[in-house]
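Colleague: I would like to learn how to read this model, feature by feature. Please give the general idea first, then the case at hand.

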Amino acid sequence: MNTKKSENIESDKIIMADRRMVEELYAHGLINGKARLYALDLLYPAVKWALWVSRILLVVGSALVLSGIIYFYAFNWAKITPKVKFISIEIPVIACLAACLYFGLNRISGKMSILAASVLLGVFLAVFGQIYQTGADAFQLFMVWGILILPWVIIARFDSLWLIWLVIVNLFAALYWDQAAMPLREAEFMIFSYLALLNAFFLGIREYFAYDRPDRAIGRWLKVVLTISILSLMLIPIISLIVEPGRATSAIKFGAFLGFIIHGAFLFCYFFKIPDMWVLSLTALSLCVIIEVICFKLVIELFKFESIFFLLLGISTLGIFTGTIICLRKIARNMEARDAR
Amino acid sequence: MPDKISMDKYSPDGYSTDISAQKFVDILSNKGLIEGKGQIEHFIVSREMEKRIPLYLRILFGIGAFLSSSFFIGFLGSAGIIDFDSKPGLVIWSVIFIIAAVVLQKTSGDNENGSLHNFMVQSSFCSMAIGKILFVAGLTLILNTIWGIPLAAFIITLITYNVYKMSVDRFLSSFVVLYSVMWIIMLEMKEPGLREMVLNLFFLFQLIITAALLTYGKTKREYIPLFYAFIFSLCVMVVFLTSQSEIGYAWREVIISTVFINIELTISLILVIAWAAGSSDNMKKEPVLLACCASLFLGFISAPGILLSISLLILGYANHEKLLSLMGALLMIFFMIYFYYSLDLTLASKAAVLISSGMVLLAGRFYIKFRQMDSEV
């Protein structure tokens, strides 16, 4: 109904009312002060404001307090006894869990409580390492932290907690590779493939739930974050292979091969299966970077004259980005047409 | 209060309402609050006429133009077509490229999906970037002062802003002016007291312009990129100042105190709350007064990044502009990272700043809950 009505105002797109519109109408004398206030109340009812403020206060306030706690324990104040240090972390962890049980995981208060408990658990592990000088490598801290909070992450179904957990897992994998696996030169670059596969696995799980059970899926913004991380990780072996193919190890070759498969998979999935212009654009940007590097490599090897080198690169860049924009526009139009059907 | 039935749907965040413009006008008309419904509809349609390119395409346009213009400038220089030592020559070439950019854009047509249109738009943007870079280089050489950079950038932005209708170009050009001013104040002003004063005044100037662009209803939509450039510049400046310190690694000279900037941002936060409240009558209401008091308190104990970030989150919500909210959230994250590494405070002091700021916000949350202000939903 709304769409049809909105067609009176604009035929091909719904125009949404917002504050800027109200202020412009008021400034141009098209509505009076009374209408402006009514309109603002309509767009932003007081109770909605209160809810939003309440929520943002909780999220930002908790983030600041948790950051402050991390800063404080990083300071490692020698005057505080180990016992006090432990108690001062354990009590908040227990309090957060109690709060989570009280509020329940369907409310933002409960979710923030379990997130705080998860972060504080990591602080506890770090302080434990500080005090007992366990000599354990850093990857072990992240491993134990990740394992301990995993059940909370699963039951909480909270985007921000998932992100924290993914960061912990990625850090664990990277540090493990560096500190424990200590690969030979031939396998060094495998970490990029492992990390990309790990993140791709979680992206796949996210998409599975989003497709079949949208109510259980984690946020769309997390999909974009995962996409950026996967594509960035894959760019490293691909660019290494292009720039110095003669020195490419088998890990780089495998990484580059995997990278192209992932780019292809993203283009296929996010065009045909789960249309998403942001993921497609990120993939396209990544491909632009790859093609740019190939052009750079070719031009620098084939032409010795500086001026021709710059000219060809300028033209190819113009072509690559224009072509990408044209493709993306066509894809967006096709998607709109598909949605309309 | 508006009828609940008049709400189209809840937005994804669940806390604001999305109402189509048509429904909005209908509601106001049915309530007898407006006259000349047709005129209002016409106004709304005309303000929407400007074609908006999706953000992801704007990013691609921007990156493509930046890279290609860099290569073309390299070509023009290395081929000897442009003599970079010739001051008037640079300016003349810049004018040629800028005119070419405008002509290309004007002749690119309306077919957004056409290959030729997109190629011409991208070429036009690239040509404009080359023209502007050459103009800034040329005028700076002519004036023989580093202040020529922001001055030239300002002049060329002023000339092209209304002629060349591309939001990415408007945003980037305006941002370059502001950013270059900040850097030159930092690099060129050797006298610490003067430098601090000028930097603070520059920050204040940016805040005033941002506020004017935000609140003046007759501001045209084409000035939205300018508004974002100012906001982005404020964010960059806050993060930049956080990275400076008395014993800092970036500059080993003198600390730039953020006290005045904290005061400016505290006042801004209070004004943002007042603006969001909508009217002077609403200002007298308990929640708004409380928010203002909390902001004042926060100003005493908190840091600039936190204050600006909260202001942006409020602006983003109040304006239905997710980009502003995203900038607020990202600023908070970047600020935290820089804050951790800036050395003029010990980690314990930083922890105290963060924990006390967080406690103020959480106290506000508990008060809202206690008074059940958010309990209707």
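**Reading the interface, cores and salt bridges**

Modeller: Start where the chains meet: 100 residues of chain B are in contact with 90 residues of chain A. Contact means heavy atoms within 4.5 Å. The model is predicted, so local features need pLDDT of at least 70 and side-chain atom pairs count only at pLDDT 80 or more, while totals for chains, interfaces and linings use all residues. Residues are numbered from 1 along each chain as its sequence is written, chains are lettered from A and ligands numbered from 1 in the order in which they are written, and side-chain values use heavy atoms, with hydrogens and water left out.

Colleague: How is the size of an interface given?

Modeller: Often as the accessible area lost when the parts come together. Here the area buried between chain B and chain A is about 9100 Å². That is the accessible area (1.4 Å probe) lost by the two parts on being put together, summed over both. Carbon and sulfur atoms give 72% of the area. On the side of chain B that touches chain A, 55 residues are nonpolar, 26 polar and 19 charged. In this scheme Ala, Val, Leu, Ile, Met, Phe, Trp, Tyr, Cys and Pro are nonpolar; Asp, Glu, Lys and Arg are charged; the others, Gly among them, are polar.

Colleague: Now the cores. Where do nonpolar side chains tend to be in soluble globular proteins?

Modeller: They tend to be buried together. The largest nonpolar core in this model has 100 residues. Such a core is a set of buried Ala, Val, Leu, Ile, Met, Phe, Trp, Tyr and Cys residues joined through side-chain atoms within 4.5 Å. Buried means under 20% relative accessible area, exposed over 50%, partly exposed in between (1.4 Å probe, protein chains only). Ile149(A), Trp165(A), Phe266(A), Met277(A) and Leu280(A) have the most contacts inside the core. Helix 6 of chain A (residues 108-132) gives the most to this core, with 13 residues. Helices (H or I, at least four residues) and strands (E, at least two) are DSSP runs, numbered from the N terminus. A second, separate core has 96 residues, including Leu57(A) and Phe240(B).

Colleague: Which residues does Trp165(A) touch, not counting residues up to four places away in sequence?

Modeller: Gly146(A), Ile149(A), Leu150(A), Val153(A) and Phe202(A).

Colleague: Back to charge. How many salt bridges are there over all chains?

Modeller: The search finds 10. One network links Arg206(A), Glu207(A), Arg220(A), Lys223(A) and Asp276(A). Take its pairs in turn. Arg206(A) and Glu207(A) have their closest N and O atoms 3.0 Å apart. Arg206(A) counts as buried, at 9% relative accessibility. Glu207(A) is buried too, at 8%. Glu207(A) also bridges to Lys223(A), 3.4 Å from N to O. Glu207(A) lies in helix 9 (residues 190-212) and Lys223(A) in helix 10 (residues 220-243) of chain A, so the pair ties together parts 16 residues apart in sequence.

Colleague: Where does Asp276(A) lie?

Modeller: In the loop between helix 11 (250-273) and helix 12 (277-302) of chain A. Asp276(A) bridges to Lys223(A), with the closest N and O atoms 2.9 Å apart. This pair links parts of the chain 53 residues apart. Lys223(A) is buried, with a relative accessible area of 4%.

Colleague: Is Leu203(A) buried or exposed?

Modeller: Buried, at 3% relative accessibility. Leu203(A) sits in helix 9 of chain A. Beyond its neighbours within four places in sequence, Leu203(A) is in contact with residues including Lys223(A) and Phe266(A).

Colleague: And chain B overall: how many helices and strands?

Modeller: Chain B has 15 helices and two strands. Of its 377 residues, 53% count as buried.

Conventions:
Salt bridge = Lys/Arg side-chain N within 4 Å of Asp/Glu carboxyl O.
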